[in-house]
Amino acid sequence: MSQTVGDFILERLREWGVRRVYAYPGDGINGLLGAFGHESKKHEGDELKFIQVRHEEMAAFMACAHSKLTGEVGVCMATSGPGAIHLLNGLYDAKMDHVPVVAIVGQSARSAIGGDYQQEVDLPSLFKDVAHEYIQTAMTPEQVRHLIDRAFRNARATRSVTAIVVPHDVQELDAVEKPPHKQATVHTGTQWLPPRVVPCQEHLQRAADILNAGERVAMLVGQGALGARYEVEAVADALGAGVAKALLGKGVLPDALPFVTGAIGLLGTKPSWDMMQSCDTLLMVGSSFPYPEFLPEEGKARGVQIDLDGRMLSLRYPMELPLVGDSAETLRALLPLLKRKEDRGWREWLEKQIAKWWGVLEARAMNEGDLINPQRVFWELSQRLPEGVILTADSGSTANWYARDVKMRDGMMGTLSGGLATMGCGVPYAIAAKFAFPDRPVVALVGDGAMQMNGNGELVTAMKYWKEWKDPRLIVLVLNNHDLNEVTWEMRALAGEPKLAASQDLPDFPYAGYAESLGLKGIRVDRTEDIGKAWDQAFSSDRPVVIEAVTDPNVPPLPPHISFKQASHYMKAITKGDPNAWDMVRASMKDAVESYLPHKR
Ligand SMILES: Cc1ncc(C[n+]2csc(CCOP(=O)(O)OP(=O)(O)O)c2C)c(N)n1
Ligand SMILES: [Mg+2]
């Protein structure tokens with residue numbers, strides 16, 4: 001049967017292993033939409049699914065989350081002009097976290113291009129930065145096979161975003177499945193198999209020499225170490241090291257291991273800070289954690305780094321030995337060269353700090369005020385995390401509490417927007433997690449600002465699809481603090497400016513009631529004693545749930561180590577007339593006291 005270019009594109013996606021395309025329609029992709037119809041008849045029961053979102057940015061977030069959680073290429077699709085433009089933020093999210101995503105977008109017909117035609121946007125120029133590894137327009141059917149193949153292969157090989165523009169008349173032409181065997185044709189194939197990348201023995205030995213000589217080794221692991229759980233633990237054990245986890249690497253090791261210092265950076269923990277301040281050797285694995293002030297000062301520690309992407313080496317700290325290598329393979333090859341450190345003093349000191357810190361966090365979570373303490377909501381969640389749960393966190397104070405207070409265990413996954421730190425990804429990420437792992441519970445941790453930005457809209461997508469998921473538990477926690485809280489605190493602590501009500505105050509919205517109106521479950525919590533019950537109800541629900549927790553905006557998502565400058569900015573914000581001055585002081589004094597008296601309840 002002769003097929004159209006649209007049919008052929010979908011067939012080729014299938015060959016690349018794609019079974020789900022996150023998308024929004026428009027006449028710029030009519031030929032592709034038609035092809036979805038033909039495809040589903042042909043492959044009934046195993047169709048390539050068109051997942052309809054509310055906004056193209058959400059489609060790109062979902063493709064990005066699919067990639068982050070499965071390691072596969074995520075695919076999104078949008079119409080020409082406005083649809084393609086809407087994809088951008090989600091595509092940048094994937095680009096900045098180095099995960100492969102392919103975007104397929106429509107375009108005006110070839111006969112109109114260059115004519116200031118309706119919805120005609122110069123898409124190759126628009127995508128030139130975000131999809132710089134590969135962005136091409138299909139001008140003839142003969143090109144289509146190699147455009148698809150190269151978009152997928154380049155995205156996999158460089159862990160980046162690639163894009164293909166398909167003018168809508170091209171989508172409807174007869175496909176050329178195999179270009180003629182003559183000059184000026186290109187003959188490509190599918191498949192991409194991950195290589196085994198390990199440094200040579202001599203370099204491994206040099207790395208081992210540095211690590212063996214160190215007396216106080218600190219490890220920092222990130223997203224790139226997600227497949228190296230046991231290797232990281234074994235190396236840390238041999239070196240008597242503590243392990244800090246960059247945000248995207250939270251799932252590398254369980255938080256309960258006694259030598260895991262946890263998150264690092266502005267959202268991080270005090271033990272991570274202390275470890276980086278006092279180590280003499282830094283071993284960084286699969287991370288591009290950006291903040292130098294949370295790493296040792298240049299020259300204070302010897303550095304070894306392992307990263308699959310050579311471009312990420314010696315980027316945050318001048319490493320003595322930067323190694324290109326796969327995390328698990330390289331650590332495994334390194335292990336026999338390491339001498340187990342007999343002096344465990346450093347490790348024991350770290351473990352003591354870590355145990356004390358968990359006490360501080362618990363005590364901070366137990367502080368009660370007039371409104372719910374957001375830390376308590378996360379603390380109670382942490383006690384109840386079901387096996388195999390997948391967590392997504394939005395950008396905002398939720399990312400702080402997720403990073404610090406949630407104790408992830410083996411077999412769980414968690415993700416967020418790391419490099420771009422964009423708001424509005426929490427709910428679409430969670431929906432993509434449900435599609436990729438329909439039999440696992442998924443929890444999205446989201447602020448009210450992010451809910452108003454994207455989450456509320458995307459709950460409609462959850463309403464549309466949840467009955468397809470084997471385990472219906474998609475739980476969205478909304479911290480209803482009526483504030484763009486993270487930025488409010490950044491203004492106070494980093495700029496010394498008081499809260500600007502005009503930019504920071506958020507209107508109230510009935511999140512739980514809205515969820516109910518969609519046929520989902522809504523639970524509104526405004527008393528501390530109801531938090532645990534709300535989580536229990538949510539985890540035993542037969543449908544997706546929104547927990548709306550009315551929380552206190554005056555609890556500071558404090559950095560683990562407040563610099564003198566930040567503290568004086570904070571005081572300045574108060575004296576400049578911050579509208580919440582008194583409540584803020586009360587809440588942060590309580591937390592500060594808990595740092596010294598973690599046993600106090
Ligand atoms: C798309 C986008 N716009 C703006 C920001 C800046 N920003 C970071 S966190 C934040 C506040 C988030 O507020 P909310 O979702 O209510 O969470 P909260 O911090 O209050 O818990 C803002 C405005 C951003 N990161 N991304
Ligand atoms: Mg908020």
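**Reading burial, packing and confidence**

Trainee: Let me start with helix α1 (residues 5-15): how many of its 11 residues are buried?

Mentor: Eight of the 11 are, so this helix is mostly covered. A residue is buried if 20 or more other C-beta atoms, placed from the backbone, lie within 10 Å of its own, exposed if 12 or fewer, and partly exposed in between. Helices (H or I, at least four residues) and strands (E, at least two) are DSSP runs, numbered from the N terminus. Bear in mind that this is a predicted model: local features need pLDDT of at least 70 and side-chain atom pairs count only at pLDDT 80 or more, while totals for chains, interfaces and linings use all residues. Residues are numbered from 1 along each chain as its sequence is written, and chains are lettered from A and ligands numbered from 1 in the order in which they are written.

Trainee: Which residues of α1 are buried, and what do they pack against?

Mentor: They are Val 5, Gly 6, Asp 7, Phe 8, Ile 9, Leu 10, Arg 12 and Leu 13. Their partners are α2 (30-42), β3 (74-78), α6 (141-158) and α7 (168-171); contact here means C-beta atoms within 7 Å. After α1 comes Gly 17, with a positive phi near 90°.

Trainee: Where is Asp 122, and is it buried or exposed?

Mentor: Asp 122 belongs to the loop between β4 (101-107) and α5 (123-126). It is exposed, with 12 other C-beta atoms within 10 Å.

Trainee: Which residues touch the most other members of the largest nonpolar core?

Mentor: Such a core is a set of buried Ala, Val, Leu, Ile, Met, Phe, Trp, Tyr and Cys residues joined through C-beta atoms within 7 Å. Here it holds 179 residues, and Ala 59, Cys 76, Val 101, Ala 103 and Leu 477 touch the most other members. Helix α3 (residues 56-70) gives the most to this core, nine residues. Beyond its neighbours within four places in sequence, Ala 103 has contacts that include Ala 60, Leu 87 and Val 161.

Trainee: What surrounds ligand 1?

Mentor: A shell of 20 residues, the closest being Gly 396, Ser 397, Gly 447, Gly 449 and Asn 485; near means a C-beta atom, placed from the backbone, within 6 Å. Helices α14 (397-405), α16 (448-465) and α17 (485-495) each give two or more residues to the shell.

Trainee: How does the protein as a whole look, in helices and strands?

Mentor: There are 22 helices and 18 strands. The radius of gyration, taken over C-alpha atoms, is 25 Å, close to the 25 Å that the globule rule (2.2 Å times the number of residues to the power 0.38) gives for 601 residues, so the protein is as compact as a globular protein of that length. Of its 601 residues, 55% count as buried.

Trainee: Where is confidence lowest, and where is it highest?

Mentor: pLDDT is the predictor's confidence in each residue, from 0 to 100. The protein averages 95; the lowest mean, 67, is in helix α22 (residues 581-596), and the highest, 99, in helix α15 (residues 426-436). Where pLDDT is low, the predicted coordinates should not be read in detail.

Terms used: Two residues are in contact if their C-beta atoms, placed from the backbone, lie within 7 Å.
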